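User: I am new to this structure and would like to learn how to read it. Could you take me through it feature by feature?

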Amino acid sequence: MADSAMNAASAFKTCAFMFMVCTPDLIFGRIRYSIPEELELGAFVGNLAQDLRLNVPQLSSRKLRLTSDTVAQYMKVNLENGILSVRERIDREHVCGQRNICTISFEVILENPLEVYRGEVEILDVNDNSPTFRDSTIALQIAETIAPGVGFPLESAEDPDIGVNAITAYTISSSEYFSLKTQTTEDGFIIAKLLLEKPLDREVQSSFQLVLTATDGGTPQRSGTAQIHITVVDINDNPPVFDHEIYRGSLREDAPRGTLVMKVKATDIDEGMNAELTYVFSKLASARVRELFSLDPQTGEIWVEGPLDFEEAQDYSLNIQAVDQGLPAMLADSKVLIKVIDVNDNAPEVKVTSGVSKIPENSPLGTIITLINVIDRDSGANGQFHCDIPKHLPFRLQISSKNHYELITSEPLDRESVPEYKIPFVARDLGSPSLSTHENIQIVISDINDNEPRFSESSYNIYVMENNTPGTSIFAVTASDLDLDLNSHVSYALQEKLIQNLPMSSYLSINSMNGSIYALRSFDYEELKSFQIYVQAHDAGVPPLSSSVTVNVIILDQNDNPPVIVSPSAQRGSAAIEVLPQSAGQGYLVTKIMATDEDSGQNARLLYQMVKSTEPSLFNVGQSTGEIRTARNILESDPTTQTLVILVKDNGQPSLSSTVTIQIRIMENITERITESNNLVSSPENFSDLNLYFIVIFACTSILFLVAIILLIGIKCKQDRTITQEYNSPSCCYKCGDSNDTFNHRPAMEETLRYPGTGRIVRVPEVHHYSVSLSPESAKSDFLFLKPCGAPTSRVQC
Ligand SMILES: *[C@@H]1O[C@H](CO)[C@@H](O)[C@H](O)[C@H]1NC(C)=O
């Protein structure tokens, strides 16, 4: 730079001389030099001696000097040759500022004689300054919406040089968006403006860097630059944009509150507040959606807020918006579709039409009892279900239509066996895990009169002691009816019939309410031993049902007849006469007393007893046979007429008796007669009716006796099992019964008795027990005494 400045200075020197030649012609006149600024020290400005036509030697003597301080500062005169030279660097801009013509005036004073010359040095401008901008960077902010054609004034550069050395042009680095427009003001300044050529879009390019160059017209040309930094200011001209137009998600219906469903995201290519987004539900979003879901305005996360229910809605549509913070704000809409996945959270719901169903027991098969409605609010397998009732019940389920079942009867019903059913009904869905609902269906079976009254026994035996008091209750039959209420209300009646030519109603009556049977007359065993009646029982159903039972009325014998002695027959008031040969030995059968008793059983069992005799040692009487035999040989001393009184008594309680007096005559010579009488049976001539009678009676008695012995042996055999414990007790209770049945293990209530009078086998009521009493003396004879053992009534005996 310094060199170029020197060269420039020498170039100006020549120019200055040429100029000077024309001007220094003044005595007391003016001299003028012209030099470029920035000459080197000592550079030649002018030759004062020559130009003032002074002798060089005079210069010192006349004390040449320069007056002006300014010129003295920058220049000096060499008094030895009169040359004016640069003393200090001269900066035109410093000396003159922006004045167009810069001169330094001076006066040259000489003494002896005093002479004053005026002169001036013009300082010529040299392009020594470059244009400069005050700030190296120019910052501009331009809104992106500014229309093309708008200009933005730029700061001017400065150049202290003048003229052509001052700024002559501005240029800008090339840009398709911007151009430069310059304008020269009246005072010659150039003003530059940045001109927008093309619409800006911050979202495409948000800033520009341009270089502004100012150039001057000097030679060499100088220039200065500044950076133009253009920031495109964002305008909220872009709406937010969601990632997806529609978001899709799914969610189990049992998702708890606070479950993250999904996250939506929108972006806004604007910046700052214009890109700051918040997420909200749009006005289209339903109130229900807002209850069930929450949307985080900052993050865009969607959370479960309320309980979901697949059965309420299978999907939800959430209308959401993203809103930026620009002014005015811009927004974007999106939709979130949330599918709710069914979870098996609903058990089947069972509705039974009627709480308690009532059906009559005779309902035909397939009768519909109740309707059952089952629904499951789940879907798919979770909503399908099976219904069931236990197999063993007489009911069945039948599908009538979707979700509707009919409970129908599948087997006959019987109220008397099962009056009520509680049917456990189960509906189970096919979800996993499966849910089920249990319901008890109550069914009451109503009564139908389908059971007749039933007597407690298949037949009854009533034992009535003869000579009973008329009008007393003798028995009570009971019949029960398994039905209910009136259907089981039993009344009793006797079936009319004739008994011995008299209407039954004259014998017995029955209490229709409770089955008590009353005897209306006094019975006589000897006249009527038994009869049969039929008792009918009716229920009060509509129509009524009835049944009847056979009742055997058995009159029991009372000892009301004394024994009657048939033989030997005696005239009234006198004794029977028997004859005995003297030769008869011991054991000779004198006679046999025959007696009868109209009573029966023990009351007719006769015992013979000698109550009086002339010679007690001579005769004895068979206690049961009634045979009178000799007890020893007849002695000479024995009186020939013996009188015996025989008592015949029955075994009744109390016993009745009769006596017979027999006179026995002992004769010495009646051997023939005795033989005769001994052969009485074989002698047809002497066979009388009485004898035949005796034989028949004897044979019958023997057969009966044989039967009794067989019976006794049988009883004894059975007794042997228990007799060891019981033998010592005076009386051993034993159940009496039929000779055949005694050996069978029949239940006590089934014990039967062959009643001598009736000739029939009749049932003995359970409560009646009988004992076999072994009397001390009968131990050898094995005779049986039957007497009641704990019998409840005295009229029952066997
Ligand atoms: C039946 O009713 C009558 C009269 O009320 C009564 O005397 C009798 O004892 C009753 N019989 C039974 C077995 O209840």
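Analyst: Gladly! Let us begin with surface patches: they are made of residues with over 30% relative accessible area and no salt bridge, where like charges are joined within 9 Å and nonpolar side chains (Val, Leu, Ile, Met, Phe, Trp, Tyr) within 5 Å. Accessible areas come from the Shrake-Rupley method with a 1.4 Å probe, and for residues only the protein chains shown count as cover. A salt bridge is a side-chain nitrogen of Lys or Arg within 4 Å of a carboxyl oxygen of Asp or Glu. Here, I703, V707 and L711 make a nonpolar surface patch of about 260 Å².

User: Before we go on, what kind of model is this, and how are residues numbered?

Analyst: This is a predicted model, in which local features need pLDDT of at least 70 and side-chain atom pairs count only at pLDDT 80 or more, while totals for chains, interfaces and linings use all residues. Residues are numbered from 1 along each chain as its sequence is written, and side-chain values use heavy atoms, with hydrogens and water left out.

User: Where does L711 sit, and is L711 buried, partly exposed or exposed?

Analyst: Buried means under 20% relative accessible area, exposed over 50%, and partly exposed in between (1.4 Å probe, protein chains only). Helices (H or I, at least four residues) and strands (E, at least two) are DSSP runs, numbered from the N terminus. L711 belongs to helix α8, residues 689–726. Its relative accessible area is 34%, so L711 is partly exposed.

User: How many residues does the largest nonpolar core have?

Analyst: A nonpolar core is a set of buried Ala, Val, Leu, Ile, Met, Phe, Trp, Tyr and Cys residues joined through side-chain atoms within 4.5 Å. The largest one has 29 residues, and those with the most contacts inside it are F242, V264, F293, I302, Y316, L318 and V336. Elements giving two or more residues to this core include α6 (287–292), β22 (315–324) and β23 (331–341). Setting aside neighbours within four places in sequence, the partners of F242 include Y247, V264, Y279, I320 and A332.

User: Which residue's side chain makes a polar contact with the side chain of N603?

Analyst: A polar contact is a pair of N or O atoms within 3.5 Å; within protein, one must be able to donate a hydrogen and the other to accept it, and residues adjacent in sequence count only if both atoms are side-chain atoms. The side chain of N603 is joined to that of D557 at 2.8 Å. N603 is in the loop between β46 (594–596) and β47 (606–613). With 10% relative accessibility, N603 counts as buried.

User: And where is N274?

Analyst: N274 is in the loop between β18 (266–267) and β19. The side chains of N274 and D234 make a polar contact of 2.7 Å. N274 counts as buried because its relative accessibility is 12%. Beyond residues up to four places away in sequence, N274 also touches others, including I235, N236 and D268.

User: How many salt bridges does the structure hold?

Analyst: Side chains of opposite charge can pair when their charged atoms come close. The structure holds 24 salt bridges. In one of them, R89 pairs with E38, with the closest N and O atoms 2.0 Å apart. R89 lies in the loop between β5 (83–86) and α5 (92–96), and E38 in the loop between β1 (30–36) and β2 (44–47), so this pair ties together parts that are 51 residues apart in sequence. R89 is partly exposed at 45% relative accessibility, whereas E38 is buried at 14%.

User: Which residue does R629 form a salt bridge with?

Analyst: R629 pairs with E627, the closest N and O atoms being 3.2 Å apart. Salt bridges with shared partners also join R202, E203, D234 and E271 into one network.

Technical notes:
Contact means heavy atoms within 4.5 Å.
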